[in-house]
Every structure is written in C-alpha cells, then in structure tokens.
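These are my notebook entries on a two-chain complex. I record below what I looked up, entry by entry.

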Amino acid sequence: MSKEQILSSDGIPLEQSLKKAERKNKLKAVLLVAPLFLFILIIYVFPIGDMLFRSVDDRMITKMLPKTYTAIEKWDGKDLPDEQVYEALYQDLAYLKETKTYGKIIARLNYEKGGFSSLIKKTVRKLGKFEEGDYKTQFIKVHKRWGQNDYLVALKNTAPNWTYAKYLKGVDLKKDKDGNIVQQPEDRRIHKILWMRTLNVAFWVTIFCFILAYPISHLLATLPMKYSNLLMICVLLPFWTSLLVRTSSWMVLLQQQGPINDLIVWIGLAADDNRPELMYNVIGTFVAMTQILLPFMVLPLYSVMKTISPSLMRAGKSLGGTPLVSFVKIYFPLTIPGIGAGCLLVFILAIGYYITPALVGGASGSLISNTIAYHMKSSLDWAFASALGTMLLVGVLAIYWIYNKLVGIDNIKLG
Amino acid sequence: MALPNHTPLNYRIWHYVYLTFCGFVFFFLIAPLFVILPLSFNAEQYIHFSAKMLALDPEGFSLRWYEDMIYGTKNPWGLATKNSLFIAFFATIGSTILGTVAALGLSSRHMPYKAAFMALLISPMIVPLIISGTAIFFFMAKVGLAATHTGIILSHIILGTPFVVITVTATLSGFDHSVTRAAASLGSNPVNTFMKITLPLIMPGVISGALFAFVTSFDEVVVVLFLAGLENTTIPIQMWVGLREQLSPTIMAVATCLIVMSTLILVTAELLRRRSERLRGINR
C-alpha cells in the first residue's frame, strides 16, 4: 500500500520543498560564516602553515650551489671526491662571488660545521687566481681543509631540501657527522632547561591561581548581588587594564627600593643594605603572572559556582554531614567543570606568555616565548624560531583540544 | 556575612580565616593598580614614595609628568596615541562586522560542522601571541604589508574577532527566533529584519564584543613589535620600550591615563551586560 503524498500549495511534494528550504538555510548559514572563515584562512592559518614549512625548509643552499650538489651526489663519502666535484664547486662559488651573495651559504655551512666560515671566505678571496684545470689541487692549496673528508661530508649532508635539524636543536640534540642523533655538548644544552622552566612556571602559576581563585569565586557566588557586584570590580578592573600597565605596576612594587622591599626591611626580614632581588628572576615572573592571570581562573569558576544551588549544601548538613564533608562530597565535585576550564585556560595562556617574563623575568625567569622572540628579532634565525614556535603550537593545540572536549569552546565566558 | 548565633567556635574561626584570605586575594588583585596613581603625581624623578608624599605635603606632588607626556620635547606619545587610536578604530570595525556576521551563521541551527568552525574561528585567542606574531610577520613581509598600518589593522582584526564571535553567539543563544519569523510573515525582507529587529536586540553583545576587540587592539604589543616600523609606533610599544630602559614617572602618567580609560570601558561593559541580561530575561 503506497502512502499518499502530501503536497504543498504549489503542487510540489511537501517533503521535497522542506528539504529545499533546509538546504537554503544551510547555505545561508555557511555564507554568513564564509567571510570570516576565508579571512582567517588566508591571513592566519596559511601563515602558520608557512611557518611550519619554514622550520623544515633547507632549499636555500641547494639552490645556491646547484652544480656542486649534483656532482657530490654520486660521491660515497669515503675517499676524497674526484675532480668533477671541485670543478662544480669552483663554478658555483665563482657565480656567487660575482653576484656577492655568498654570505648566506657561509652562515648555513658554518652551522653544519664550525670552520666553514673562514674556509669559504678565504677560498672566495683567492678565486680570481684560479687557473683552468685540476681544481682539486688548487682548492687544497688555498686551504688544506678542502682536502679533509670531514668538511666535504658536512657539505654533502646539507644537500637534502628538508631538514629536521632545527627541531633537534630545539631539544638540545644534533646529528653528528655519521648521521647519528646525539646530545649537544654540555655547555650548549639550554633549550631543555627553557622548556622545563616554561612548563614549571605554567604549572605552578596555574596552581597558585587555583588556590587564590577558588575561595574568592565562592565568596562572589554566595554573597548577595549588591556586594558581589562591587567585589567583582576587583576582578574585572585588572582584566580590562592594559597588560603593560599591570606589568609596570609589578615592576614598581618589586624593584629593589620598592614598597615590598621596604616592607621586608621594616619587618626586619632583611637588612637595608642587603635587600632581596624580587625582580629580574623567576620570583618576579611567578608573582606577576599569577596576579595577571588570576581573573581568567575566577571567571569560569564563578560562572559554575553561580549555578550551584545553596540548598544542596543545606541538604547535606541536614542529613548530618559536617561542613567539611558536605563541601568535599557535594560542593567540590559540582565545581570540577569550572576548575577544568579555569586551569586549562590559565595553563594555555601561561605557557605562551611573553611580555611579562621579558620585563620582570630577567635571564633566569625568561620562558620559551622569549627565546622565540630573540631568534626572530636578534639572531634572525627565523627557521629555528619557527621550529620552536611549531613545538609550542603543537603543545598548546593539544591542550586546546582537551579543553574543547571537556568544556566545549562555546562555553568560554567573558566578563 | 553575619553568622548565626549558634555557630560553633571552630566553624566561626574557619569562617573568619576564609574571609581574611579572600580579603587578601582581592587586595592582591587590585592594589598593584593603585600603586601607579600616586607615583604619577610624584614631584621627584624617582619611582618611589618620597617623604614629602608620605606626609601628604602638597610640594611632594606635581603634574609635571603629565606635562612631559603631552608637551615633552622628545615626545613619542602624541604619534603613538594617534596611531593606537587609528589602528584600534579600524580593527574594531573590521572585527565587529566580520565577527557578528559569522556569529549569526554559527548560531543558526542549520550550520554544519558548527563545533569545528567555532574552534577554528576562536583559535587566534588561544594560540600564543608570539606564534601568531611570528606567522603573521612572515605573511605580511611576503605581501609587502610589514611596517604599514594596514598590516597591523588586518592582524588586529584577526586577534579581535574571537571576542566578538564569543559575545555575540552568547547573546544569540538567548535569542527568540520567533520575532524574526514574525517579521518575515509581515513581509519584511531578511536585511530589513536584521537591521530593525535582530541587531537592536543583540546590540549589547555586539557592543561588548566591540569593546573587547578595541581593548585587544589598543593593548596589543607582540604582533606590533614584529610588524611595526618607526612610523607605526603605538602606546603599548612606547611603554614596552620605556619599561625596558628604565621606569620613568612619565610612564606612570601614561599608565594612569590607561587605567582611567579601562575603568570607563569596564563600566560601559558592565552596564551593557546588565542590559543584555534584562533584555534576554524579557524574551524568555
């Protein structure tokens, strides 16, 4: 028995016209999101992709010494390469000398093996005196390092277009000349310390924020509206105030002749001529970051606690629970979503913090972001900055993903 | 909070310990901001409370650092203020329009892959600024927009939109869609309905999103630090430069002005939030 089809007024089956309307609505919603989506895709997502690309890109040197790499490809790396390689190298270097662009390869090769800098410079200088034929002997005559296998192996090792060397460097590892992954020499192992310090600071700042925020969020959520609104200003005013203003107020407070040190001396914890260093070290970073990130912990906790009915605690007490038992068994479990949201948010923000550690942290309180900024602005090793950035990004996105699973990104509350 | 008379002593003690602790935390949150205010009126060159100031002697106070801020010879603050306002103004407009339109789409129940889109559109708020700054710098350098106002405005639009998307979707979550259907049944076209019905109702959310976007742009240092040339300097950049050299009373004066500004913004945002809650209450 076939079901009778319901028709809409214009004679089209109802089901069909409903589906059409549904499609139209869907298209409308997508079109509304499209402008921002495309904007973010082009100016944000692609550039981040480009950053990932830069961190592994090693084509510059291959492009600058094209003939050499074609020739050296066949070389097995055991005995010295034959004439062909030296001739190719001569032609490449001659071209670079002519266009005055050999500076770039010096930096890259010197990174692969120390000593290349003087080697290339000297060779380029003497290049004009080269005669045609038997380049191998002439090269070795200019500098004996051209006759050492180590340098030519290092040259060959830079041939691949892609490299993960920057990532190895980011965790204090490197490749030795045989291609094994080994630790950096002791005095160069600085990045592991930085990563550990960053995690450490982010972790403890999160814990401090939690300890400070939990009681005041509870107070804000349980006080009558007119008092809590007033106290809420204490949370919201710092939240809306410029980060640099808040950081500078900590610089005032923590400086050696500042009010906090005055207080310490006045109490008698330290002598006037022996004031403790509260700033330009990890203490400054901890204190300032905790205060600056505290509102991000209070707001999610508050919004969760606000929804917990006070009658639940009363019910717990009326059933014979002491205040402590009622708190542990009833109140605390209900606030866990807020705790998760606040802690993840503060941790994410803390792990990538740059301005505050840069200003109050000094050398011993600087974090991984400061190193990224250093390589972007001072050492100009953009590939390495990109690699560190990518590693940090992966960590943050992992936490973001957990946050999204646990809290739902659309549940972020602002003010 | 007064305790009932029959409260046992140990609970009483706990209660006062709790209140004292809360008092300490509120102090910790707000007090650092108030250190700045008196120091900006310091008559001396040094950033600490002089004996005259502590004795409330009028001679210990002066407006000379405000004068220096406005009329100082090597005055970077005029240009910085102009740039900051210019950039923040256009970034706010861009973020607000793009964010509001996207929030309308995201709030529609017909939107496919809502959670994934939301996560992507919010991500500029989550990704550390240093990474955003690095990536955006590479891009702007490639397309020739480094050290231009346009480049900075575009990147601030990116950083500001998440706030607009969040506040507007939050407002729309309490939105009664039958009013737009009523408008449509009375013959209004979608654009007209949006301008006359939807927009006025979600206005508090839009404005508070715009305030967030404005503050984000006005306060942003890291991306500008990468992108800006000398011509594009902003207030936060000047503060950053100043703080790296040494604390000066002029910076305290600038900071005081910024605190006054953020207080005004906070009051506006609070009033809007209450209005929005009231409007949504009526809708229910």
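**Entry 1. A helix pair in chain A**

I began with α18(A) and α19(A), which are roughly antiparallel to each other. The model is a predicted one, and I read the geometry with that in mind. I looked up the angle behind this description: the axes of helix α18 (residues 368-377) and helix α19 (residues 382-406) of chain A cross at roughly 155 degrees and come within 8 Å. An angle over 145 degrees counts as roughly antiparallel, so the crossing at roughly 155 degrees falls in that class. I noted the crossing of α18(A) past α19(A) as left-handed.

I then listed the residues of this contact. From α18(A) they are Ile368(A), Thr371(A), Ile372(A), His375(A) and Met376(A). These meet Trp382(A), Phe384(A), Ala385(A), Leu388(A), Gly389(A) and Leu392(A) of α19(A). Sorted by class, the contact of α18(A) with α19(A) has eight nonpolar and three polar residues, and no charged ones.

**Entry 2. Domains and confidence of chain A**

I looked up the domain assignment, which divides chain A into domain 1 (9-45), domain 2 (59-161) and domain 3 (191-411). The C-alpha centres of domain 1 and domain 3 of chain A are 41 Å apart.

For confidence, I found an average pLDDT of 85 in chain A, with 97% of the residues scoring at least 70. Which helices of chain A hold the lowest and the highest confidence? The lowest is helix α5 (residues 103-112) of chain A, at a mean of 79, and the highest is helix α10 (residues 191-222) of chain A, at 93.

**Entry 3. Where the chains meet**

I turned to the interface next. How many residues of each chain are in contact with the other? I count 73 residues of chain B in contact with 70 residues of chain A. On the chain B side, helix α1 (residues 9-40) of chain B gives the most, with 14 residues. The side of chain B that touches chain A divides into 60 nonpolar, 11 polar and two charged residues.

I followed α1(B) to one of its partners, helix α12 (residues 243-254) of chain A; the two pack at an angle of about 75 degrees, with their axes 8 Å apart. α12(A) and α1(B) are therefore roughly perpendicular to each other. On the α12(A) side I listed Val245(A), Arg246(A), Ser249(A), Trp250(A), Val252(A) and Leu253(A). On the α1(B) side they meet Pro32(B), Leu33(B), Val35(B), Ile36(B) and Leu39(B). This contact of α12(A) with α1(B) comprises nine nonpolar residues, one polar and one charged.

For the complex, the predictor gives an ipTM of 0.86 and a pTM of 0.85.

**Entry 4. Domains of chain B**

I looked up the assignment for chain B and found domain 1 (9-65) and domain 2 (76-283). The C-alpha centres of domain 1 and domain 2 of chain B are 32 Å apart. Nine residues from domain 1 of chain B and eight residues from domain 2 of chain B make the contact. I noted that α1(B) gives the most to the domain 1 side of this contact, with five residues. That side has six nonpolar, three polar and no charged residues.

The mean pLDDT of chain B is 86, and 96% of its residues reach 70 or more.

**Entry 5. A helix pair in chain B**

Lastly I examined helix α5 (residues 114-126) and helix α7 (residues 149-173) of chain B, which pack at an angle of about 120 degrees with their axes 8 Å apart. That angle makes α5(B) oblique to α7(B). The crossing of α5(B) past α7(B) is left-handed.

From α5(B), I recorded Leu121(B), Ile122(B), Pro124(B) and Met125(B). They meet residues of α7(B), including Ile158(B), Leu159(B), Thr161(B), Pro162(B) and Phe163(B). By class, the contact of α5(B) with α7(B) has 10 nonpolar residues, one polar and no charged.

Terms used:
Residues are numbered from 1 along each chain as its sequence is written. Chains are lettered from A and ligands numbered from 1 in the order in which they are written. This is a predicted model: local features need pLDDT of at least 70, side-chain atom pairs count only at pLDDT 80 or more; totals for chains, interfaces and linings use all residues. Two residues are in contact if their C-beta atoms, placed from the backbone, lie within 7 Å. Helices (H or I, at least four residues) and strands (E, at least two) are DSSP runs, numbered from the N terminus. Ala, Val, Leu, Ile, Met, Phe, Trp, Tyr, Cys and Pro count as nonpolar, Asp, Glu, Lys and Arg as charged, and the others, Gly among them, as polar. Domain bounds come from an automatic or database domain assignment. Axes are lines fitted to C-alpha atoms, for helices over the stretch in contact, and angles run from 0 to 180 degrees between N-to-C directions. Angles under 35 degrees count as roughly parallel, over 145 as roughly antiparallel, 65 to 115 as roughly perpendicular and the rest as oblique. A crossing is left-handed if the near helix is turned anticlockwise from the far one by less than a right angle, and right-handed if clockwise. pLDDT is the predictor's confidence in each residue, from 0 to 100.
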